[in-house]
Amino acid sequence: VPMQPKRIHSHVRGYLELGLVREAEADLKRLPLAAADTLEALSLRVMVLQAKSDWKPLAAAAGELARRLPNEVSAWVTWAYATRRANSVEAAEKILLAAEVHHPNEPTIQFNLGCYACQRGDLAAARRRVDRAIAIDPHFGEAAQTDPDLAPLRAASK
């Protein structure tokens, strides 16, 4: 008897919460074709690929999720994160510049754009972006002290 998609979704979530990534992935593959392209299935696929650190397929899946749900900040951030690892800082930066149009006051996007600018050597842009992220959400001040991407910015500030 084939399992209902909702039950499979529930199993995948449970496995991921327990850190059982292989089991989550195996269950996700049991979805009937018609249910495999739903937003729910796509979101779970993103979660599984993220847990596996499988950057290229994660970039593709998160990109699709961001296109289908442009208001979902985490989809854009995950797409950029995976793209940076699969491709380059420059490719990831392009994604977040597009995301910024939809989410101009999202501190995670500002902070990550600051990290990318810093990695490209544009410390002035990095400082502007990081300061903006901190102004929106002061918690980013702590991250700015430890994020390895921002080491050049911290060194320049001393």
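**Notebook: charges, helices and a few buried side chains**

I counted charges and found 21 positive and 19 negative side chains in the chain, with the centres of the two sets 3 Å apart. For this count Lys and Arg are positive and Asp and Glu negative, while His and the chain ends are not counted. Each charge is placed at NZ of Lys, CZ of Arg, CG of Asp or CD of Glu.

I note that this is a predicted model, in which local features need pLDDT of at least 70, side-chain atom pairs count only at pLDDT 80 or more, and totals for chains, interfaces and linings use all residues. Residues are numbered from 1 along each chain as its sequence is written, and side-chain values use heavy atoms, with hydrogens and water left out.

**Whole chain**

I looked up the elements and got 11 helices and 0 strands; both are DSSP runs numbered from the N terminus, helices being H or I of at least four residues and strands E of at least two. The C-alpha trace spans about 65 × 30 × 30 Å along its principal axes. The accessible surface is about 8,800 Å², and carbon and sulfur atoms hold 54% of that. These areas come from the Shrake-Rupley method with a 1.4 Å probe, and for residues only the protein chains shown count as cover. Of the 158 residues, 44% are buried (buried is under 20% relative accessible area, exposed over 50%, partly exposed in between, with a 1.4 Å probe and protein chains only). I also took the contacts (heavy atoms within 4.5 Å) between residues at least 6 apart in sequence, and 48% of them join residues at least 24 apart.

**Histidine 103**

I found histidine 103 in the loop between helix H7 (89-102) and helix H8 (107-120). Histidine 103 is buried at 10% relative accessible area. A polar atom of its side chain lies 2.8 Å from the backbone oxygen of proline 70. Leaving out residues up to four places away in sequence, histidine 103 touches Pro70, Asn71, Glu72, Val73, Trp76 and Ile109.

**Glutamate 100 and glutamine 110**

Glutamate 100 is in helix H7 and is buried, at 18%. Beyond four places in sequence, I list its contacts as Ile109, Gln110, Leu113, Arg129 and Arg132. I also checked glutamate 100 against arginine 7: they are 93 residues apart in sequence and 36 Å apart in space, C-alpha to C-alpha.

Glutamine 110 lies in helix H8 and is buried, with a relative accessible area of 1%. Its side chain makes a polar contact with the side chain of arginine 129 at 2.9 Å. A polar contact is a pair of N or O atoms within 3.5 Å; within protein, one must be able to donate a hydrogen and the other to accept it, and residues adjacent in sequence count only if both atoms are side-chain atoms. With neighbours within four places set aside, the contacts of glutamine 110 include Glu100, Pro104 and Ile136.

**Cysteines**

How many disulfides are there? I get 0, a disulfide being a pair of cysteine sulfur atoms within 2.5 Å. Cysteine 115 is in none, and the nearest cysteine sulfur, that of cysteine 118, is 7.4 Å away. Cysteine 115 is buried at 2%, and cysteine 118 is buried at 3%.

**Serine 53**

Serine 53 has a positive phi of about 55° although it is not a glycine. I place serine 53 in the loop between helix H4 (39-52) and helix H5 (55-68). Buried or partly exposed? Serine 53 counts as partly exposed, at 39% relative accessibility.
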